[in-house]
Amino acid sequence: MADGTDSGFSEGQSSGPGGSSGPISPDLDPLNITTSTVDLEESLDMGAEGDQKSTGDDITALTQSSLAGLRLDDALASDVHDLFVTVDDPEKHITNMESYITYRVTTKTTRSDYDSHEYVVRRRYQDFLWLRERLEATNPTHLIPPLPEKHSFRRLDRFSPEFLKTRQAALQKFLSRIVDHPTLSFNENLTIFLTAKELASHRKQAQGIMGKMGSSMRSMAAGYMLKNRSPEYATMQEYVNTFGAKMGTIDRINQRLLKEMTDYQQDLREFGPVFTLWSNSETELAPAMLGMASGVEKCEKALDQQISDQEHVFAPPVKEYILYAEAMKAVLKRRDSIQMEYELTVEDLSRKRNDREQLKMSDQSYSLGAFLGKDPEEVRQQKRTKLDSQIEELLKQVEVSNDSVECANADLKADLERWHRNKRRDVKEVFSELCDRNIQYYQECLSAWEETLQEINQKSELETASTLATPTSSCPDTPNLATPTSSITPPLPATPTKGGTEGGAAEGQGGTQ
């Protein structure tokens with residue numbers, strides 16, 4: 001994802017099939033070069049090694065003018081938006097054999113090759129998979145956008161609303177990338193996908209498993225059999241391998257973080273009720289305990305949203321670019337396979353030419369034809385005629401193979417540049433959103449604990465003020481010390497008498513007074 005690596009692929013470079021790469025000079029720019037007539041037969045009079053090189057160079061010059069037109073069409077088509085596709089409205093279907101989901105695919109277009117301006121069809125995941133396979137089979141040198149994995153979210157049921165929402169967004173992005181492509185958007189299989197009511201009959205015409213295995217084996221063999229692979233494409237391969245490995249590491253770390261956050265969320269769900277139950281038995285600590293329970297609950301809700309965003313917003317683009325790296329590797333292998341066919345054809349042409357040169361100096365007196373009674377010179381002429389015919393046919397094959405290699409190189413470079421632009425935009429967007437969501441999550445947690453602390457402090461201050469306003473005496477019979485002492489009448493002392501009766505009477509009188 002380094003800028004230096006990206007810019008290396010974005011700059012135009014020139015390399016013949018299997019040749020060395022280098023910057024394109026103004027004189028060799030395909031947009032400026034003019035078509036010239038090449039006499040391929042003249043190269044046969046040169047040496048074997050020089051002939052092979054000149055043949056490739058001459059054919060390259062012959063095809064560059066056509067590539068200029070292709071690139072110009074590609075540039076013009078990329079600015080035209082006359083096809084719009086929307087994926088929405090997932091619907092569950094239940095049959096005796098299976099249950100599956102279909103999505104509504106709405107197409108609006110102004111193209112003349114469509115019979116109507118609007119189409120509405122329903123498609124299931126298998127239909128999207130069929131479309132990608134057909135695009136890959138008919139456009140082997142183009143980078144086909146990847147589809148989301150059939151079961152990519154282990155934590156979700158494939159019929160759950162969260163899964164369906166994520167899958168719908170991924171399918172929408174898949175079709176959007178295709179309809180925005182200057183070549184893939186005109187593919188007849190895409191037209192069938194967008195307009196046909198039923199795809200059952202078309203899906204039966206898909207490539208069989210033996211054909212897929214054959215293509216895969218040829219692509220794998222090409223990587224080992226190439227003799228003159230361009231350093232430019234070797235650098236591409238190395239970059240794609242490194243990029244895929246880094247995105248895979250990010251995905252594994254994200255999965256580990258999701259597991260840790262899920263475990264932490266479960267702890268918070270068990271932690272909050274503890275404070276609520278504690279507050280029932282500790283009346284004096286109840287306000288603090290309830291405040292803590294509220295703070296934990298708010299943090300748990302914020303964490304739940306963070307987990308959902310990281311799983312359904314951050315993870316899908318990361319997985320998509322992991323699959324994109326695999327798709328890029330497949331395109332490079334198919335490109336190598338085309339170059340391998342070109343190299344084998346050139347080698348065959350070189351052998352036939354050497355055979356013709358040796359025929360001039362060979363003695364045909366001991367040939368099989370001479371033993372059968374034919375004139376040695378007639379045998380020589382027959383062999384030369386046959387070799388000339390084979391060489392002429394091989395020249396045509398070399399030209400066609402060279403055209404295929406050049407077109408494959410042009411398609412791959414154009415798609416790689418487009419992929420780099422999308423990648424830089426998508427990666428910047430997804431990581432910026434991740435940063436914003438983390439900031440929002442921690443701000444919500446900080447705000448929750450600040451509110452909890454404020455509530456606890458306010459309740460503590462109210463309790464303190466209430467305690468100071470309440471009387472602290474615990475003896476209700478104790479006289480008020482603030483009452484004046486003059487209002488209290490002390491009892492009179494008893495007067496001593498001679499007899500108990502008189503003393504009692506005096507005491508009674510004193511009490512009466």
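## Briefing: aromatic pairs, cysteines and a buried asparagine

Tyrosine 114 is a buried residue at 7% relative accessibility, where buried means under 20% relative accessible area, exposed means over 50% and partly exposed lies in between (1.4 Å probe, protein chains only). Please keep in mind that this is a predicted model, in which local features need pLDDT of at least 70 and side-chain atom pairs count only at pLDDT 80 or more, while totals for chains, interfaces and linings use all residues. Residues are numbered from 1 along each chain as its sequence is written, and side-chain values use heavy atoms, with hydrogens and water left out.

**The chain as a whole**

- The chain holds 12 helices and five strands; these are DSSP runs numbered from the N terminus, with helices being H or I of at least four residues and strands being E of at least two.
- Of the 513 residues in the chain, 37% are buried.
- The accessible surface of the chain is about 30400 Å², and carbon and sulfur atoms account for 55% of that; the areas come from the Shrake-Rupley method with a 1.4 Å probe, and for residues only the protein chains shown count as cover.
- Contacts (heavy atoms within 4.5 Å) between residues at least 6 apart in sequence join residues at least 24 apart in 75% of cases.

**Aromatic rings**

- The chain has 12 aromatic pairs, counted for rings of Phe, Tyr and Trp (its six-membered ring) with centres within 6.5 Å; planes under 30 degrees apart are stacked, over 60 edge-to-face and the rest tilted.
- Tyrosine 114 and tyrosine 119 make a tilted pair, because their ring centres are 6.1 Å apart and their planes stand at 55 degrees.
- Phenylalanine 128 and phenylalanine 193 pair edge-to-face, at 5.1 Å centre to centre and 65 degrees between the planes.
- Phenylalanine 128 belongs to helix 3 (residues 125-138) and phenylalanine 193 to helix 5 (residues 188-195), so this pair ties together parts that are 65 residues apart in sequence.
- Both phenylalanine 128 and phenylalanine 193 are buried.
- One aromatic cluster is formed by Tyr239, Phe243, Tyr321, Tyr324 and Trp419.

**Arginines over rings, and asparagine 409**

- Arginine 335 has its charged end over the ring of tyrosine 233, 3.9 Å from the ring centre; this label needs NZ of Lys or CZ of Arg within 6 Å of the ring centre and within 35 degrees of the ring normal.
- The side chain of arginine 335 also makes a polar contact of 2.8 Å with that of asparagine 409. Such a contact is a pair of N or O atoms within 3.5 Å; within protein, one must be able to donate a hydrogen and the other to accept it, and residues adjacent in sequence count only if both atoms are side-chain atoms.
- Asparagine 409 sits in helix 11 (residues 376-469) and is buried, at 3% relative accessible area.
- Arginine 124 places its charged end over the ring of tyrosine 100, 4.0 Å from the centre.

**Cysteines**

- The disulfide count is zero, with a disulfide taken as a pair of cysteine sulfur atoms within 2.5 Å.
- For cysteine 299, the closest cysteine sulfur is that of cysteine 445 at 3.9 Å, which is too far for a bond.
- Cysteine 299 is buried at 6% relative accessibility, whereas cysteine 407 is partly exposed at 28%.

**Alanine 330**

- Alanine 330 has its place in helix 9 (residues 286-361) and is partly exposed at 25% relative accessibility.
- The C-alpha atoms of alanine 330 and isoleucine 144 are separated by 9.9 Å, with the two residues 186 residues apart along the chain.
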